[in-house]
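Here is a tutorial dialogue on how to read a structure.

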Amino acid sequence: TASSTEEEAKQKARDFDVNKIAQAWVGKVNRSICKKSTMTKCYSATLFSQNDFLKEYLQKERDSSPDGKTDCLGHDIQDQTRWHCILYLARKIWDAINKVAGKANQVMKWFEDVARQVANQGLYIWWTAPCGLLVQQSTTKYRKKRTMKVDLHLDFVNVRKRVQALRKFDLNTVDVRQSAQSFSPNFVHSLDSSVLIKTVNLAKEKGIKNYTFVHDSFGTSPGHVDILNESIREAFVDMYKEDLLGKLYVELKQQSGLDLPPPPALGNLDLNLVKESKYFFA
């Protein structure tokens, strides 16, 4: 089968000629290839998942090619060779992200470490977003599940064999793995939403009444774009001049009673330079 062929290819694709495989990628590594790996790194994506991203990318290229067999690596490339290329480039992209976003990586690692320690206490981790909103990871996603088999009784139907269905029930127990992996993106999203709220408040004071938002994209009527542009930067600088990690650290210690490791030291970024940035938001 196709799946067994792929598994065999993966097993064989462990040792390969690095120079030959690197040459196969020359001139073919673009933004699209790297985008999904880069965007999902902050969502605790693993190196293993990077392999799947590249596999999907190459598969889409083949599916859209005239013969259905050609991707950027060539025509009808053998599975084993393709996996050589995937494993090689996935590692290169992974290492490049860690190198370019080293500090961000440290913070993300800290998020996961402290969240795991809090969750191991049986606690649903919480924090206060800069906009004042209390956020807690306690929905069904962050609870362990119990799977049960339920007997189904069908009226007016002559069923000769037992009919069962599987049902999952939430337990009042923290899913430590899910809580730890989700904390980094959840906390960052709470910061993004706080910037949005602060931006609207500032822009409203300057006379803007019409807005449109899609996640991190900001919009208004054409005549107010410059004011909104200015307000976004002001809101960002005003919010991030506070020691947000320090405040989070205090809340985590208060709720858990643990002697948690302190957050990574702040860098030397001059936040006021953000106000002069030409490319800052969509």
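A: Helix α7 gives the most to the lining of the second largest pocket, with six residues. Helices (H or I, at least four residues) and strands (E, at least two) are DSSP runs, numbered from the N terminus. The model is predicted, so local features need pLDDT of at least 70 and side-chain atom pairs count only at pLDDT 80 or more, while totals for chains, interfaces and linings use all residues. Residues are numbered from 1 along each chain as its sequence is written, and side-chain values use heavy atoms, with hydrogens and water left out.

Q: What is a pocket, and what is the volume of the second largest pocket?

A: Rolling a probe the size of a water molecule over the atoms shows where empty space is left. On a 1 Å grid over the protein atoms alone, a pocket is an open set of points where a 1.4 Å probe fits, with protein on both sides within 12 Å along at least five of seven lines; lining residues have an atom within 4 Å of a point. Grid points are joined across faces, edges and corners, and a volume is the space filled by probe spheres set on the points. The second largest pocket has about 270 Å³.

Q: Which residues lie nearest the centre of the second largest pocket?

A: They are T128, A129, P130, L244 and K247, out of 17 lining residues. Two or more lining residues come from each of β3 (126-128), α7 and α9. By class there are ten nonpolar, three polar and four charged residues. Here Ala, Val, Leu, Ile, Met, Phe, Trp, Tyr, Cys and Pro count as nonpolar, Asp, Glu, Lys and Arg as charged, and the others, Gly among them, as polar.

Q: How much space lies in the largest pocket?

A: About 1900 Å³. Its lining has 46 residues, and A104, V188, L191, F236 and Y240 are the closest to its centre. The lining divides into 30 nonpolar, nine polar and seven charged residues.

Q: Which element supplies the largest share of that lining?

A: Helix α7 does, with ten residues. The elements that give two or more residues are α3 (31-41), α5 (79-100), α6, α7, β8 (217-219), α8 (225-240) and α9.

Q: What is a nonpolar core, and how many residues has the largest?

A: A nonpolar core is a set of buried Ala, Val, Leu, Ile, Met, Phe, Trp, Tyr and Cys residues joined through side-chain atoms within 4.5 Å. Buried means under 20% relative accessible area, exposed over 50%, and partly exposed in between (1.4 Å probe, protein chains only). The largest core has 18 residues, and W110, F111, I125, F183, F187, L248 and L252 have the most contacts inside it. Helices α6 (102-119), α7 (176-205) and α9 (244-256) each supply at least two of its residues. A second, separate core of 16 residues includes Y57, C85, Y88 and A90.

Q: What does I125 touch?

A: Contact means heavy atoms within 4.5 Å. Not counting residues up to four places away in sequence, I125 touches A115, V118, V135, Q136, Q137, S179, F183, L252 and Q255.

Q: Is S37 buried or exposed?

A: S37 has a relative accessible area of 1%, so it is buried. This residue is in helix α3. Its side chain makes a polar contact of 2.7 Å with that of Q50. A polar contact is a pair of N or O atoms within 3.5 Å; within protein, one must be able to donate a hydrogen and the other to accept it, and residues adjacent in sequence count only if both atoms are side-chain atoms.

Q: Is S64 buried or exposed?

A: S64 is exposed, because its relative accessible area is 61%. It lies in helix α4 (residues 47-64), and its side chain reaches the backbone oxygen of K60 at 3.0 Å.

Q: Where does T220 lie?

A: T220 is in the loop between β8 and α8. A polar atom of its side chain lies 2.6 Å from the backbone oxygen of N210.

Q: What is T199 in contact with?

A: Leaving aside neighbours within four places in sequence, T199 contacts F218, L228, S231, I232 and A235. T199, found in helix α7, counts as buried at 0% relative accessibility.
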